[in-house]
Structure formats: structure tokens, C-alpha cells
Amino acid sequence: MLNIRIERTGETAILHCDGRIVVGSALSALREAVLCELDKRSIVLDLSRVNRIDAGGLGALVFLHTCVHGLGSELKLMRPSTPVAELLELTNLTSVFAIGPAAE
């Protein structure tokens, strides 16, 4: 299960994710939440409370990055939890995403 709380400030939307980003309804919820914020200049995913991400979740992050970037906005990852950070490093996705300790 994935819970998403959205915080909007100016041209930025921060999506605080809590739970698992795995194949199923979690991916649909994440995709819908991000795509609803495309009017923002910057979309930040706070991954500090994500305890698991699978291949489908990684694929969804890449898909969302491509969509958001293609429409002139930016998708950033913020404070990935240890399991998420390790998987991003292992798959070399750290070279694709802007990853920060906190929202700018």
C-alpha cells in the first residue's frame, strides 16, 4: 500500500510517499498523483518513508521522469530511504534523477 500526501508551495509540489512503490495499485496512485501536478515547475517525491520499491516501481519513476521532463517540468527525488537509495545506486539511476536531501 502507498499513501501520498501532497504539499504545494509556489511552483513546487512535494509528494510525500509512505509505504511501498510496487506493481499494482501503488503504481497507479503514484502515476496519477504526479500527472495531476504537471502544472508545477518542479515535482519532488519525498521517498524517506518508502520501505520497498520493485522493478515496476523503478520503471514507473523512469516513466514519470520522462513525462515530466518532456513537458518542461522537473522531477526530483528527496531523501530516499536506505533500501530505495541502495536500489537506485545499484541500478545506476542516481545518474538519471536529481536526488537531494531536502526540497529546495
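Good morning. The model I present is predicted, so local features need pLDDT of at least 70 and side-chain atom pairs count only at pLDDT 80 or more, while totals for chains, interfaces and linings use all residues. Residues are numbered from 1 along each chain as its sequence is written, and side-chain values use heavy atoms, with hydrogens and water left out.

Helices (H or I, at least four residues) and strands (E, at least two) are DSSP runs, numbered from the N terminus.

Let me turn to strand 4 itself. Pairing requires at least two DSSP bridges between two strands. Strand 4 pairs with strand 3 in the parallel sense over 5 bridges, and Asp 46 stands opposite Met 78. Strand 5, residues 98-100, also runs parallel to strand 4, with 3 bridges; there, Ala 98 is the bridge partner of Lys 76. Of the 5 residues of strand 4 (74-78), 4 are buried, so the strand is largely enclosed by the rest of the structure. Buried means under 20% relative accessible area and exposed over 50%, with partly exposed in between (1.4 Å probe, protein chains only).

Finally, helix 1, residues 25-35: the buried residues include Leu 27, Leu 30 and Val 34. On the other side of helix 1, Ser 25 and Glu 32 are exposed.
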